[in-house]
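Open the model in your viewer and keep the selection tool ready. The stops below go from a strand pair to the sheet, then to helices and a pocket.

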Amino acid sequence: MHRRTFVSDVARAGMAAAILPNSRFVGRTLRSDAINVACIGVGGMGFQDIRNIAAVPDVNIYAVCDVDYRAAAEAFGLFPKAKRYRDYREMLAKERSIDAVAVSTPDHSHAAASIMALKAGKHVYCQKPLARTLGEVRAMIAAAKSAKGTTQMGNQGHAGEGVRLIREWVEGGLIGTVREVHFWTDRPIWPQGIDRPTEAHNAPPTMDWNLWLGPAPDRPYHPAYAPFRWRGWWDFGTGAMGDMACHAMDAAFWVLGLRYPTRVEVETSTQFAETAPRASRVTYYFPAANGRPEIKLFWRDGGLWPGRPNEVSSESRWPPANDGGQLWIGENGKLVAGVYAENPRLLNEEQNAAIKAKPLPVKYERVKNVHTEWIDACRAGKQAGSNFVAHAGPLTEMIALGNLAVRAGRTLEIDPATGAVKSPAIPNEWINPVYRAGWSLTV
C-alpha cells in the first residue's frame with residue numbers, strides 16, 4: 001500500500017514506545033476517567049488508527065474487533081488485555097463499558113457499524129469516506145444529529161496546519177477570488193476496471209467471510225476482494241475518488257463554503273459493471289453563494305493530472321508530488337498543496353517567500369492531530385472539526401455525487417438546494433442499497 005503514512009505529533013514524540021507490545025502502559029498511569037475505546041477493523045489503516053488513538057493520554061483500548069484474526073494479529077499483540085471480537089454487533093450489545101468506537105472497516109461496513117455505535121450512545125470515529133453511498137451518508141448524518149456522541153471522520157488533513165494556512169491565505173486575498181480548484185491522485189493502486197472473477201476459492205481459515213461481507217450482497221470469497229483489493233468494487237468500496245477525495249477536496253469544501261453542485265460531468269476509461277474505471281475526470285459546477293462566484297472543481301485519477309501552470313518552469317517538477325495534490329486558481333494568483341493540504345505554496349515565488357518570512361496572523365486555531373482532537377472533543381462534550389453533521393457528512397455527500405456520476409458514466413444534474421439527483425434512470429440501489437438480513441441502518 002503506497003498510502004502516505006500519517007504520523008501525528010504525538011506519534012513522532014512517542015510512537016517508538018507505542019508500537020511495542022504492552023509498551024503503552026509502561027511509565028504511564030491511566031486516570032480513573034480514562035476513555036474506553038473499542039476499535040472495529042484493525043488491519044491496514046485500522047492498525048494505524050488504533051496505534052494513534054492509543055497514543056493519546058488516558059485512553060484505554062478496551063476492545064478489538066476484526067473479522068480476520070490474522071489481520072488483527074498485530075493489534076492483539078499490542079493490546080493483549082483488550083477484549084476480542086469478530087462481530088461488532090455482539091461487542092456493542094455486550095460491552096456496556098465502551099465509551100467510544102473507532103470504525104476502520106472497508107467502506108461498505110462504515111454506515112451500519114457507526115450508526116449502531118451512535119445509537120448505543122458511543123462517541124464515533126469513522127475512517128473516510130464516511131460511507132459508500134449517498135443514502136448511507138445521509139443516514140449517518142441523521143443518526144449523528146439525534147445522538148449525543150462526538151463524531152469525527154478520519155480525513156486527517158482537516159486537523160492539519162495546511163488546511164488552515166490555505167484558508168487564511170485565501171481569505172487574506174493572496175490569490176484573489178477563487179474560481180477553479182484541481183485535484184489529482186495516483187490512485188487506483190489496486191485492480192479496478194475488471195470483471196468479477198469466476199474461479200473458486202476458500203476463505204482463509206482466520207477469516208469469517210460472512211461477517212466480512214456484512215451488509216453487502218452475498219458472493220463467494222475470492223482474493224480479488226480481500227484483504228485490500230475491495231476498494232475498486234462498487235459493492236464494497238468507492239474507487240480512487242472515494243479513497244482520496246475526502247482528503248484532497250477537504251480544504252476547498254471548507255474554505256469555499258461548498259455544498260451541493262448543480263451539475264457533475266464525467267469522462268472515464270472503459271466502464272465495467274461491478275468495478276470503478278481505471279481512470280476518470282470529474283468536473284463539479286457549484287452555483288454562486290455567500291458572496292462568492294460560481295466555482296468549478298476538477299478531479300483526476302488513474303494517472304491524469306492538470307497541465308503545467310505557466311508559473312512552473314519546464315525545469316521544475318510537475319506535478320509536485322507522486323501521490324497527488326491540489327492546484328487552486330485565483331484571479332490574482334495560484335497555490336499548490338499536497339493531497340492532505342500539507343505544504344501549501346504560492347506559485348508566485350516572491351509572494352511565497354514574503355508570506356513565509358512574514359506569515360499572516362493566525363486566524364484558525366491549530367489542533368494537535370485528528371485522533372487527539374477527537375478524544376479531546378469527547379472529553380469536552382463538543383464536536384470535532386470533521387464531525388458527521390457539519391462537515392464530514394456534507395463533504396462525503398459531495399464526493400458520493402461525483403462517484404455516482406462515475407458509476408453511471410454520464411453527466412448528472414443535481415438540485416443544489418437539496419442534493420437530489422434530477423437525472424433519470426439512476427438505480428435506487430446505487431443510492432439506497434438493500435442490506436442483507438442481520439444488518440441495518442436503523443438498528
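**Sheet, helices, pocket**

Select Val64 in this predicted model: its bridge partner in S3 is Arg84.

Next, show the whole sheet. Six strands form an open sheet with parallel pairing, in the order S3-S2-S1-S4-S5-S6. At the edges stand strand S3 (83–85) and strand S6 (151–153); each has a single partner strand, so one side of each is left without a neighbour in the sheet. Direction ignored, neighbouring strands are turned by 20° against each other on average.

Helix H12 lies across strand S1 (35–40), S2, strand S4 (100–103), strand S5 (123–126) and S6, and runs at about 165° to S5.

Move to helix H5 (residues 110–119) and helix H6 (residues 134–146), whose axes come within 10 Å and cross at roughly 10°. An angle under 35 degrees counts as roughly parallel, so H5 is roughly parallel to H6. To see the contact, select His110, Ala111, Ser114, Ile115 and Leu118 of H5 with Glu136, Ala139, Met140, Ala143 and Ala144 of H6. By class, the residues of this contact are seven nonpolar, two polar and one charged.

Finish at the largest pocket, with a volume of about 710 Å³. Select Gly43, Asp66, Pro106, Trp212 and Pro227, the closest to its centre of the 40 residues that line the pocket. Helix H2 (45–54) and helix H8 (209–213) each supply at least two residues of the lining. Coloured by class, the lining shows 20 nonpolar, 11 polar and nine charged residues.

Technical notes:
Residues are numbered from 1 along each chain as its sequence is written. This is a predicted model: local features need pLDDT of at least 70, side-chain atom pairs count only at pLDDT 80 or more; totals for chains, interfaces and linings use all residues. Side-chain values use heavy atoms; hydrogens and water are left out. Axes are lines fitted to C-alpha atoms, for helices over the stretch in contact, and angles run from 0 to 180 degrees between N-to-C directions. Helices (H or I, at least four residues) and strands (E, at least two) are DSSP runs, numbered from the N terminus. Angles under 35 degrees count as roughly parallel, over 145 as roughly antiparallel, 65 to 115 as roughly perpendicular and the rest as oblique. Contact means heavy atoms within 4.5 Å. Ala, Val, Leu, Ile, Met, Phe, Trp, Tyr, Cys and Pro count as nonpolar, Asp, Glu, Lys and Arg as charged, and the others, Gly among them, as polar. On a 1 Å grid over the protein atoms alone, a cavity is a set of points where a 1.4 Å probe fits but cannot get out, and a pocket is an open set with protein on both sides within 12 Å along at least five of seven lines; lining residues have an atom within 4 Å of a point. Grid points are joined across faces, edges and corners, and a volume is the space filled by probe spheres set on the points. Two strands pair if DSSP finds at least two bridges between them.
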